[in-house]
Structures are given as C-alpha cells and as structure tokens.
Amino acid sequence: MVDAAPTIPPTGETRALLSFVAGLSWHDLDDEVRHAACRHLLDTVGVMVAGCAGDVAARLDGVLAAVRPAGAVPVPGRTRRVDALDAAHLGGTGAHGIELDDGYRQGSVHPGVAVVPALLVHAHGRQVSGVRLLEALVAGYETVTAVARTCHPDLRQRGFHPTGCVGPLGAAMAVGRLAGLDEAGLGHALGLAASGAGGLFAFLGGGGDVKRLHAGHAAREGLIATLLAAGGVGGPPDVLEAADGFFQAFAFGRDARARRLTLPPAAPFGITDCYIKPYACCRHIQPAVEALMGLVAEHGLNADIVEAIEVETYAIAAKHGDTGWSDFASAQLSFPFIMALGLARGAITLSDFTPEVRQSPALAAIGARVSVRVDPDLDRLYPDFRPARVTVRTLGGTLVREAKEALGSRLVPFDDAGLHGKFSSLVAPVLGTEAAERLLVELLAVEESADVSSLLELAALPADAVQ
C-alpha cells in the first residue's frame with residue numbers, strides 16, 4: 001500500500017518568490033547589487049568562451065550535431081550555430097566545464113552557469129537592452145541563491161547536485177522576467193522547471209564529466225520551461241512548498257521544515273555574496289590549497305622536505321579527500337591532486353590538468369602524503385565560512401596555517417583588475433587578443449547597450465575558423 005501524500009498547506013513561499021521576480025527593478029537596486037551583476041555577467045561569459053572550446057562541450061556539440069540540424073544562435077567559443085535549446089545546453093555545459101565558474105557558498109551552488117547561458121540565448125535577436133538583461137540576471141541569481149540557501153545542506157547531503165536541481169528554477173525566472181511573463185506565467189514556468197530539476201553527486205567516485213552536463217541541463221530546462229509557459233502549458237502551483245513539491249523531494253522529505261525561504265529586503269541580495277573563482281578547481285578545496293601555497297611561499301617548502309600534508313576541514317569539503325585524478329574533471333575535484341599542485345607548482349591553472357601532468361609520478365608521490373579529515377569545530381563554521389586547517393610536517397618541523405575563505409569571496413575580494421585579467425587569460429587563447437578585447441569592452445559597457453545580441457556574436461568563433 002502506498003502511503004498517502006502528506007497534507008502540506010501552501011506557506012506562500014512560491015508566491016513570494018514570484019512577486020519578487022515580477023516586481024524587481026534595475027533602477028531600484030543599489031550600486032553594490034548592480035556592480036555585482038555586471039561582474040558576474042562578465043565572469044560567466046569569459047568562462048563560457050573557454051569552457052565551450054573545451055573537451056566536454058566539444059563532445060556534446062558533436063553528439064547534438066549528429067542528431068539535430070544547425071540553427072541561428074552562436075555559441076561562445078565555438079563555430080557551429082545551433083537552435084536556442086542546444087545553445088543553452090552547450091553554454092551551460094561549457095560554463096561549468098573548467099571549474100572556473102562563480103558560486104554561492106551558502107547554497108553550494110553555481111548560479112551563473114544556469115542563468116547566464118539561458119538569458120543570453122533568449123536575448124539574442126530580440127533587441128534586448130543591457131538594463132533588461134541585467135535586471136533578469138539579478139532575478140535569476142536571487143532565485144538560485146534563495147532556494148539553494150533554504151535547502152542547504154539537506155539537498156547536498158541527500159546526494160543531489162544543487163546546480164542541476166536549483167539551476168533550472170533560476171534560469172526559468174531569469175528568462176521569464178526577460179520575456180515579460182506576469183506572476184501567473186512565472187508560476188507556470190517555475191512549476192515546469194521544478195519537474196526538470198535533477199543531478200546526482202555520484203561523480204565524486206568518478207565520471208566527473210556528468211557534473212558539467214548538469215549545468216547545461218539546468219540552463220536548457222529553465223529555458224524550455226519558460227517557453228512552454230509562454231506557449232500556454234501549465235505547471236503545478238506552489239511548487240516549492242506543496243506536497244510532493246521541490247522542498248519535499250529534494251531537501252526535507254516529509255518532515256516539517258525548520259527553515260523558510262527569505263528574499264530581499266528580509267535577506268541581503270545573494271548575488272553580492274557570490275564568489276568568483278581564481279583557480280581552476282573545486283571551491284571546497286581552495287581555502288586549504290591557498291593556505292598551503294602561503295606556507296610554500298613563506299618558508300620555501302618543496303617536496304623533498306615535506307613528509308606529510310594534513311588537512312582538517314568541514315564535512316562536505318572532506319568528501320573530496322578520496323577523489324582520484326585519472327581524468328580532467330575528477331582531478332579538479334581531488335583534494336590530494338590539488339594539494340600536490342599547490343606544493344609542487346605554487347599555482348592552479350588549466351594547464352595543470354593535462355594528461356601529462358595528471359600522470360606525473362612526482363605529483364602522485366606528493367598526493368600520497370595528503371590526508372583529509374573532518375574537524376567538528378570547523379564543520380560547525382560551514383556554511384558561514386569555508387574553513388580549513390593545513391598542517392605540513394617537514395624534516396625540520398611542523399607548520400600550520402588556517403583559512404576561513406578563499407580569494408574571490410566577500411571576505412577575500414577579487415578586484416576588478418583581477419577579474420579583467422582572468423577574463424582575458426581565458427578568452428584570448430580561444431578568440432584571439434583583439435576579439436577578446438572587443439568582447440571585454442562590450443561587456444564593460446553592457447548597462448548602456450541598446451541590444452545585447454552582439455555579446456553572443458562577439459563570443460563565438462567565425463564559421464570558417466578552425467576548431
């Protein structure tokens with residue numbers, strides 16, 4: 001006998017989100033929120049260009065090309081034009097493809113990889129102004145951060161990937177706002193997007209490429225949910241808090257929820273607390289590897305004198321302690337490999353994940369000296385902080401350094417000059433220096449743009465380019 005569904009009266013959380021999205025105005029936002037929106041758009045476009053030129057996006061593009069005709073929408077970093085859904089799919093996959101995308105610590109989620117590709121695709125060819133694009137972007141980011149924050153850490157601890165699960169909701173609300181849907185239409189889009197949510201965290205045990213696909217799935221599902229809603233297809237009401245709805249399915253089960261969805265002004269704008277990554281690896285590892293690299297720089301450490309590297313951190317981060325590094329995606333999630341890079345190279349760059357580097361016996365020897373464990377006191381600090389304590393045991397003694405956060409967070413800011421440098425370092429190798437500079441100039445002036453279609457045009461490779 002199947003248990004009856006629980007009776008859970010609507011608590012108004014879905015409707016509060018829809019009202020917030022429908023009522024958002026760029027001109028009412030303060031300078032901090034506006035600046036954050038511009039920074040995260042620029043950062044995500046740069047990562048999309050580099051990621052879409054990468055291996056996973058290339059293989060996805062090949063699969064799509066074999067079963068679907070070409071279209072009219074450019075894809076950053078690629079030559080082939082595709083239809084809108086494939087463009088969102090490829091853009092999201094590429095944006096999440098090199099572990100340099102933005103994120104939100106309090107929800108362990110990556111908003112930009114779902115929201116930005118879907119938005120840029122829907123805006124293309126529609127005479128959308130920069131202000132309208134940025135306004136919709138904020139709506140999408142706030143949806144992702146608010147829902148992920150409410151569900152964290154339950155959603156992650158149940159085995160789900162927050163980006164794949166919450167991302168479709170943010171993409172739907174962003175595109176829905178850009179499309180001018182009213183609250184009823186937004187409600188249908190949200191209900192449809194919630195049924196397109198999904199993604200398991202099983203990739204920590206291998207098969208890390210699927211993690212990249214989750215972001216592409218989120219961007220595509222959010223976009224199609226909104227197109228369906230605009231076309232008259234209905235979605236379930238009150239989908240966040242309803243019986244058998246999103247919160248029950250992904251986070252809280254049938255238990256009464258102890259947390260409630262909060263939105264501005266009751267909560268700060270989530271986009272102002274989203275981080276920007278300086279290193280091409282999992283964010284959970286970055287505070288620890290920064291602490292290690294600080295000790296290396298300060299004390300002149302090298303592999304010859306280091307006997308052991310011990311990491312104490314919070315539980316979610318420690319799950320990466322046993323991840324191997326046989327493939328590109330897994331290596332970016334592997335605590336032993338990233339710490340080995342930190343000791344041996346003093347930096348974490350995309351060039352550190354080639355097969356030749358991953359197969360290095362010297363790095364394997366260092367990785368074997370790395371141990372990771374949960375410290376209960378540090379675990380209690382998460383998600384307010386992302387703490388790590390690194391102990392390096394050397395032939396000459398023991399060194400210890402702690403970090404509460406990594407570069408790119410509100411606590412340790414990544415300034416505009418650093419962001420522009422990151423953008424250029426990712427885009428120029430794909431598009432060329434002059435094209436990268438043109439795209440950067442266009443993004444820096446996006447708020448004054450009358451039509452943002454040029455963004456995708458400038459981000460894509462010419463059709464006759466060799467790829």
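Student: How much space lies in the largest cavity?

Tutor: About 150 Å³. Keep in mind that this is a predicted model.

Student: Which residues are the closest to the centre of the largest cavity?

Tutor: Ser108, His110, Tyr275, Cys282 and His284, out of 16 lining residues.

Student: What makes a residue count as part of that lining?

Tutor: A lining residue has an atom within 4 Å of a cavity point. For the largest cavity, 16 residues line the space. They divide into five nonpolar, five polar and six charged.

Student: Which helices each supply at least two residues of the lining of the second largest cavity?

Tutor: Helix 6 (130-151), helix 7 (154-157) and helix 8 (162-178). Among the lining residues are Ala148, Cys151, Leu155, Arg156, Pro162 and Val166. By type, the lining has five nonpolar, two polar and one charged.

Student: Why is the contact between Glu13 and Arg260 called a salt bridge?

Tutor: The cut-off is 4 Å between a side-chain nitrogen of Lys or Arg and a carboxyl oxygen of Asp or Glu. Glu13 and Arg260 meet at 3.3 Å, N to O. That is within 4 Å, so the pair is a salt bridge. Glu13 sits in helix 1 (residues 13-23), and Arg260 in the loop between helix 11 (246-252) and helix 12 (286-299), 247 residues apart.

Student: Why is Glu13 called buried?

Tutor: Buried means under 20% relative accessible area. Glu13 has 3%, so Glu13 counts as buried.

Student: Arg15 forms a salt bridge with Asp238. Which of these two is exposed and which is buried?

Tutor: Exposed means over 50%. Arg15 has 54%, so Arg15 is exposed. Asp238 has 10%, so Asp238 is buried. Their closest N and O atoms are 3.2 Å apart.

Student: Why does the pair of Glu405 and Arg283 tie together parts apart in sequence?

Tutor: The two form a salt bridge at 3.5 Å. Glu405 lies in the loop between strand 4 (397-403) and helix 19 (416-431), and Arg283 in the loop between helix 11 and helix 12, so the parts tied together are 122 residues apart.

Student: How do you know whether Glu405 and Arg283 are buried or exposed?

Tutor: Set each value against the 20% cut-off. Glu405 is at 5%, so Glu405 is buried. Arg283 is at 2%, so Arg283 is buried.

Student: How many salt bridges does the whole structure have?

Tutor: The search finds 30. Glu312, Arg373, Asp375, Arg389 and Glu402 are linked in a network of them.

Notes
Residues numbered from 1 in each chain as written. Predicted model: local features only at pLDDT ≥ 70, side-chain atom pairs only at ≥ 80, totals over all residues. Heavy atoms only, no water. 1 Å grid on protein atoms, 1.4 Å probe; cavity = no way out; pocket = protein on both sides within 12 Å on 5 of 7 lines; lining within 4 Å. Points joined across faces, edges and corners; volume = space filled by probe spheres on them. Nonpolar A, V, L, I, M, F, W, Y, C, P; charged D, E, K, R; others polar. Helix = DSSP H or I, 4+ residues; strand = E, 2+ residues; numbered from the N terminus. Buried < 20%, exposed > 50% of the residue type's maximum accessible area, 1.4 Å probe, protein only.
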